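Subject: Handing over a structure, with notes on its strands and backbone

Dear colleague,

I am passing on to you the structure shown below, and I would be glad if you kept it open while reading the notes that follow it.

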Amino acid sequence: TRGTIMLPLEKLEEGEHTLMIRAWDFYNNSSVVSIKFVVEPDMAPEIVSVEITPTPVTAGRETTFRIQHNRPQSEIEVTVEIFNIHGQLLWKNIDKHFADNLIYECSWNGCGQAGQPLLTGVYLARISVSSGGAAAITGTKILVIGNK
C-alpha cells in the first residue's frame, strides 16, 4: 500500500481527470493502467433499474422496492407513488437521505395511505430520484392479488 492516497470523490474539482494505477508482482515487474473520467457535480440522476419483490404483490404483505441509481455519496430524494388505473394517488413514500451506495430500498405493504388493502388489479408505480435540482422519473405496472 505504498503511496496510497484516499480522496473523497466530492472533493475533486469539476472537469476531466486521469487516475493512474501501478501494481507490482512478486518479481518486481510493474504494470500501469490509466482511467480517464469527468467530474460533473450537477450531473442529472439516473434510475438504472427498479425491482419489486415479491411479484405479484399481496395486499397486507411486505413488498420491497429496490431502486438502483447513479448518485452514490450524494444527498438524494426518492419518491415512490402508487396510483390506480384512473390516476388517483393511493400511496406515497418520500425519503430524503444521504445515499451511501447505488441502491435504495423501501417497503410497502400493498395498502393505501389510510391502511386499506388494495383490491386485486393492476396499479401503476411512479418512482423518482432527485438530486441537485434535477430528477429522473420512471414508471412500472404492479399486479396486486388476493383481495376481492
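Is C111 buried or exposed? C111 is buried, with a relative accessible area of 6%, where buried means under 20% relative accessible area, exposed means over 50%, and partly exposed lies in between, with a 1.4 Å probe and protein chains only. C106 is likewise buried, its relative accessible area being 6%, and the structure holds zero disulfides, a disulfide being a pair of cysteine sulfur atoms within 2.5 Å.

Before you read further, please note that this is a predicted model, in which local features need pLDDT of at least 70 and side-chain atom pairs count only at pLDDT 80 or more, while totals for chains, interfaces and linings use all residues. Residues are numbered from 1 along each chain as its sequence is written, and side-chain values use heavy atoms, with hydrogens and water left out.

The strands come next. Strands here are DSSP runs of E with at least two residues, numbered from the N terminus, and two of them pair if DSSP finds at least two bridges between them. Three strands form an open sheet in the order β3-β5-β8, with antiparallel pairing; its edge strands are β3 and β8 (103-108), each of which pairs on one side only. Neighbouring strands of this sheet are turned by 15° against each other on average, direction ignored, the axes being lines fitted to C-alpha atoms and the angles running from 0 to 180 degrees between N-to-C directions. Within this sheet, β3 and β5 run antiparallel and are joined by six bridges, and S49 stands opposite Q68 in β5.

Another open sheet is formed by five strands in the order β4-β10-β9-β6-β7, and its pairing is mixed. Its edge strands are β4 and β7 (89-99), each pairing on one side only. Seven bridges link β6 with strand β9 (residues 121-131) in the antiparallel sense, and the bridge partner of E81 in β9 is R126.

Some backbone details deserve a separate look. Most residues other than glycine have a negative phi, and most peptide bonds are trans.

As for phi, N28 has a positive value near 70°; N28 lies in the loop between β1 (15-24) and β2 (30-39) and is exposed, with a relative accessible area of 59%. Q73 has a positive phi near 60° and is found in the loop between β5 (63-69) and β6 (74-83), where Q73 counts as partly exposed at 41% relative accessibility.

Finally, the surface: L19, I21, V33 and I35 make a nonpolar patch of about 320 Å², to which β1 and β2 each give two or more residues. Such a patch is made of residues with over 30% relative accessible area and no salt bridge, nonpolar side chains (Val, Leu, Ile, Met, Phe, Trp, Tyr) being joined within 5 Å; a salt bridge is a side-chain nitrogen of Lys or Arg within 4 Å of a carboxyl oxygen of Asp or Glu. I35 is found in strand β2 and is partly exposed, with a relative accessible area of 41%.

With kind regards

Definitions and conventions:
Helices (H or I, at least four residues) and strands (E, at least two) are DSSP runs, numbered from the N terminus. Patches are made of residues with over 30% relative accessible area and no salt bridge: like charges are joined within 9 Å, nonpolar side chains (Val, Leu, Ile, Met, Phe, Trp, Tyr) within 5 Å. Accessible areas come from the Shrake-Rupley method with a 1.4 Å probe; for residues, only the protein chains shown count as cover.
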